[in-house]
Amino acid sequence: MRDFSWKYFTLTGDVESFMLYKEVNQYGTTDEATPLVLQDEEAVRMDVQE
């Protein structure tokens, strides 16, 4: 989740994704072992098009 939120922020400049990145860094995450079905860039493209 941390990597995705950072990648999304760098591609879009969305402040909320940066805040999510900071929050995940602060508290950690337990879903690191859960693989994403989509690649980060594919998910970003889908989200931006909506």
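Which residues does Ser5 touch, not counting residues up to four places away in sequence? Ser5 touches Ser17, Leu20 and Tyr21, where contact means heavy atoms within 4.5 Å.

## Basis of the model

This is a predicted model, in which local features need pLDDT of at least 70 and side-chain atom pairs count only at pLDDT 80 or more, while totals for chains, interfaces and linings use all residues. Residues are numbered from 1 along each chain as its sequence is written, and side-chain values use heavy atoms, with hydrogens and water left out.

## Overall architecture

The protein contains three helices and zero strands, and its pattern along the sequence is α-α-α. Helices (H or I, at least four residues) and strands (E, at least two) are DSSP runs, numbered from the N terminus.

Of the 50 residues in the protein, 12% are buried. Buried denotes under 20% relative accessible area, exposed over 50%, and partly exposed the range in between (1.4 Å probe, protein chains only). The protein exposes about 4,200 Å², of which carbon and sulfur atoms supply 52%; accessible areas come from the Shrake-Rupley method with a 1.4 Å probe, and for residues only the protein chains shown count as cover.

Ser5 lies in helix H1 and counts as buried because its relative accessibility is 1%. A polar atom of the Ser5 side chain lies 3.0 Å from the backbone oxygen of Arg2.

Ser17 is placed in helix H2 (residues 15-27) and, at 7% relative accessibility, also counts as buried. Its side chain reaches the backbone oxygen of Asp14 at 2.7 Å. Leaving aside residues up to four places away in sequence, Ser17 touches Ser5, Tyr8 and Phe9.

## Aromatic pairs

The count of aromatic pairs comes to six. Rings of Phe, Tyr and Trp (its six-membered ring) pair if their centres lie within 6.5 Å; planes under 30 degrees apart count as stacked, over 60 as edge-to-face and the rest as tilted. Trp6 and Phe18 form a tilted pair, with 6.3 Å centre to centre and 55° between the planes. Because Trp6 lies in helix H1 (residues 2-12) and Phe18 in helix H2, this pair ties together parts that are twelve residues apart in sequence.

Trp6 is partly exposed, with a relative accessible area of 38%, and Phe18 is partly exposed at 27%. Ring pairs link Trp6, Phe9, Phe18 and Tyr21 into a cluster.

Notes. Polar contact = N/O pair within 3.5 Å; in protein donor to acceptor, adjacent residues only side chain to side chain.
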